[in-house]
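Dear colleague,

Please find the structure below, together with a summary of what was found in it. I would be grateful if you could look through the summary with the coordinates open.

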Amino acid sequence: MTIFDELKERGLIFQTTDEDSLKKALEEGTVSYYTGYDPTADSLHLGHLVAILTSRRLQLAGHKPYALVGGATGLIGDPSFKDAERNLQTKETVQGWVKKIQNQLSRFLDFDNGDNKAVMVNNYDWFGSISFIDFLRDVGKYFTVNTMMSKESVKKRIETGISYTEFAYQIMQGYDFYELNQKYNVTLQIGGSDQWGNMTAGTELIRRKADKTAHVITVPLITDSTGKKFGKSEGNAVWLDADKTSPYEMYQFWLNVMDDDAVRFLKIFTFLSLDEIAEIEKQFDGARHERLAQKILAREVVTLVHGQEAYQEALKITEQLFAGNIKNLSAIELKQGLSNVPNYAIQKSDSLNIVDILVTAQIVNSKRQAREDVQNGAIYINGERIQDLDYTLSATDKIDNELTVIRRGKKKYFVLTY
């Protein structure tokens, strides 16, 4: 199976400019290609991972990747399918985000070894020195306003209003492709399906200005079986930065994907072979309640993004929390595993009697309810059931001298901090 056929089989090719010609180029020699990432935040997220891993697959197949972080285009903002104009960031902010994103990309592509080692580029390196007049004369003349307005990515914004700044974005992205083609013979661009208009602006500029043929592959925008999209604009971002989304949180995300999505995501987000995935699918379909596909998916992606040690920690937290073994976890691990549960900072004036603290921390609404819960065995401190109404929290209840975990019933966790 060729790399192009494998990408297709994995569901990673949404559109191409000339499939037969591109497939032939990939089979006959080394193709230099690029993927661009605008620094619109201080981290990439799972929505970016599809293009990143597609780029890695091509590198593993012998082709040469260029990773472009848009220090210039990040100052403008892509209007593609956005309802409103982005807030413009300062140069200092964007430069800081560029460095963070470059560090993240260096974990997925090989920048050190082989003739096809990856190269990092920043489009501010060429846009920062070009004059506005030169850009209009040498580049702008190859774009017609009619064509620019016909792009699906900006059509609806024309009706509601779009600034010239954002309208000109497609010319900048098109020029990126031209510049990389001239400097490094880059002939293929990979990006999300929402980038089609911007990407074909590049192939058209290369054709008209340099009389060369270039190619585009768009990868699909990934949604779950309900149509929900991965991405920060949807309010459900899973970030690649461990400080923004912990390895445990990422592990839980994959562990909880729907059955109908699990095998499809194994093809897209892991480097397991298609034969291995077919075997997993057989076992998974035979006992879906065991969630084999989700467990393997979570293992593979967390290991890929954060490393084996982070995966093992996420697995440990998951297993120990499920078993209620709070004391087997450190404060650091508990902060990961319980980051989204209600918490209360203990004050010096607080009574540490179990009934009082349940009310003070708003775990229950009244002392009557607190007493009933304690007597009925519904209250656990650090995994141990407490049924004594006179029980008072002490230093021995502090895990690593930082926190105490209270559980009410089977699943409702609360954290007290000191």
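**Aromatic contacts and a pocket**

The structure, which is a predicted model, holds eleven aromatic pairs. One of them joins Trp254 and Phe265: the ring centres are 6.0 Å apart and the planes stand at 85 degrees, so this pair is edge-to-face, the class for angles over 60 degrees. Trp254 belongs to helix 12 and Phe265 to helix 13 (residues 259-269); the two residues are eleven apart, and their pair links distant parts of the chain. Trp254 and Phe265 are both buried.

Elsewhere, one aromatic cluster is formed by Phe127, Phe135, Tyr175 and Tyr178.

Over the ring of Phe271 sits the charged end of Arg56, 4.9 Å from the ring centre. For Trp239, the charged end is that of Lys244, which sits 4.5 Å from the centre of the ring.

Helix 12 (247-255) and helix 16 (308-323) each contribute at least two lining residues. Helix 16 provides the largest share, with seven residues. Sorted by class, the lining of this pocket has ten nonpolar, seven charged and six polar residues.

With kind regards

Conventions. Residues are numbered from 1 along each chain as its sequence is written. This is a predicted model: local features need pLDDT of at least 70, side-chain atom pairs count only at pLDDT 80 or more; totals for chains, interfaces and linings use all residues. Side-chain values use heavy atoms; hydrogens and water are left out. Helices (H or I, at least four residues) and strands (E, at least two) are DSSP runs, numbered from the N terminus. Ala, Val, Leu, Ile, Met, Phe, Trp, Tyr, Cys and Pro count as nonpolar, Asp, Glu, Lys and Arg as charged, and the others, Gly among them, as polar. Rings of Phe, Tyr and Trp (its six-membered ring) pair if their centres lie within 6.5 Å; planes under 30 degrees apart count as stacked, over 60 as edge-to-face and the rest as tilted. Buried means under 20% relative accessible area, exposed over 50%, partly exposed in between (1.4 Å probe, protein chains only). A charge sits over a ring if NZ of Lys or CZ of Arg is within 6 Å of the ring centre and within 35 degrees of the ring normal.
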